[in-house]
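Colleague: I would like to learn how to read a fold step by step, beginning with the chain as a whole and ending with single residues. Could you take me through this one?

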Amino acid sequence: MRMKFFDFEVFKNWWCVVVSDEEDEYLSSPYNYKFTREEEHKIKSKMRVYSSDMPQYKIDEFKSDIKKGVACGYNIKGYDLMILNGVMMNFTPHQLYVLSELIINKGATANKDIEHMRIATYARRNYQGCEAIQDLMDDSVKGLKDKEAAFGMDIRETTVPFDKEDLTPDDKEQIIYYCKHDVY
């Protein structure tokens, strides 16, 4: 069973997910965290990007894709699997944003609109349809950026504000770049 790494980014009116399969073999020593630039480029060039801009059949391809293998990511139990559940239930980009807001700001349903209260029931429901799940944060007390810093990796976050409503094509490109980095 192959590992499948993924990460979601959710904005007010748009979402994307990047998926990368475990490589058959590596040129460098990935288990010693010594990827070469060539290896990094090779891995990132094979990553698949799905977004809410795509037609439904592409979203369906993603839904089928993520069910195969071991779904892996960093803090996926605390965020990505709940967002994945929303995608599987055909939530709109705005509904996913509300879900994301509820996950990040636990208990933020007070004084919100009816949509927040309706979606709040999904804020703790992880998607269970994968063959297996591995959350890489389970054995860590630090966040992903702490781990990347320890490995000497770039720790920059996306410069696009998460509450920005009208994303430009350049904004989306920057978000995807950041998301690929986190999957890598």
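Colleague: Among contacts between residues at least 6 apart in sequence, what percentage join residues at least 24 apart?

Modeller: In this predicted model, 64% of the contacts in the protein chain between residues at least 6 apart join residues at least 24 apart. The chain itself has seven helices and five strands, and from the N terminus on these elements run β-β-α-β-α-β-α-α-α-β-α-α. Buried residues account for 43% of the 184 residues, while the chain exposes about 10,200 Å², of which carbon and sulfur atoms supply 51%.

Colleague: What is the order of the strands in the sheet?

Modeller: Strands of a sheet pair through backbone hydrogen bonds, and the pairing is either parallel or antiparallel. Here the five strands form an open sheet with mixed pairing, in the order 3-2-1-4-5. Strand 3 (48–51) and strand 5 (132–135) are the edge strands, each pairing on one side only, and the twist from one strand to the next averages 25°.

Colleague: Which strands pair in the parallel sense, and which in the antiparallel sense?

Modeller: Strand 1 and strand 2 are antiparallel and share eight bridges, among them the one that pairs Asp-7 with Val-18 in strand 2; a hairpin of two residues connects these two strands. Strand 1 also runs parallel to strand 4, to which three bridges join it, and there Phe-5 stands opposite Cys-72 of strand 4. Strand 4 (residues 70–73) in turn pairs with strand 5 in the parallel sense over four bridges, where Cys-72 has Gln-134 of strand 5 as its bridge partner.

Colleague: Is strand 1 largely enclosed or largely open to the outside?

Modeller: A residue counts as buried when its relative accessible area is under 20%. In strand 1, eight of the nine residues are buried, so this strand is largely enclosed by the rest of the structure.

Colleague: Which helices lie across strand 1, and at what angles do they run to the strands?

Modeller: Helix 2 (residues 56–66) lies across strand 1 (3–11), strand 2 (14–21) and strand 3, and its direction makes an angle of about 125° with strand 3. Helix 3 (residues 76–88) lies across strand 1, strand 2, strand 4 and strand 5, running at about 75° to strand 1.

Colleague: Where on helix 2 do the buried residues lie, and what covers them?

Modeller: The buried residues in helix 2 are Ile-59, Phe-62, Lys-63, Asp-65 and Ile-66. Seen down the helix axis, they fall within an arc of 165°, so they line one face of helix 2. Their cover includes strand 1, strand 2, strand 3 and helix 3.

Colleague: How does the span of helix 7 compare with what is expected, and which of its residues are buried?

Modeller: Helix 7 (residues 169–183) has 15 residues and reaches 21 Å from its first C-alpha to its last, which is close to the 21 Å expected at 1.5 Å a residue. Its buried residues are Asp-171, Lys-172, Ile-175, Tyr-178, Cys-179, His-181, Asp-182 and Val-183.

Colleague: Let us end with a loop residue: where is Gln-128 found, and is it buried or exposed?

Modeller: Gln-128 is found in the loop between helix 5 (114–119) and strand 5, and at 61% relative accessibility it counts as exposed. Gln-128 also shows how sequence and space can be read together, for it is 46 residues from Met-82 in sequence and 9.7 Å from Met-82 in space, C-alpha to C-alpha.

Definitions and conventions
Residues numbered from 1 in each chain as written. Predicted model: local features only at pLDDT ≥ 70, side-chain atom pairs only at ≥ 80, totals over all residues. Heavy atoms only, no water. Pairing = 2+ DSSP bridges. Axes fitted to C-alpha atoms, helices over the stretch in contact; angles between N-to-C directions. Contact = heavy atoms within 4.5 Å. Buried < 20%, exposed > 50% of the residue type's maximum accessible area, 1.4 Å probe, protein only. Arc of directions from axis to C-beta. Expected span 1.5 Å × (residues − 1). Areas by Shrake-Rupley, 256 points an atom, 1.4 Å probe, with all protein chains shown as cover.
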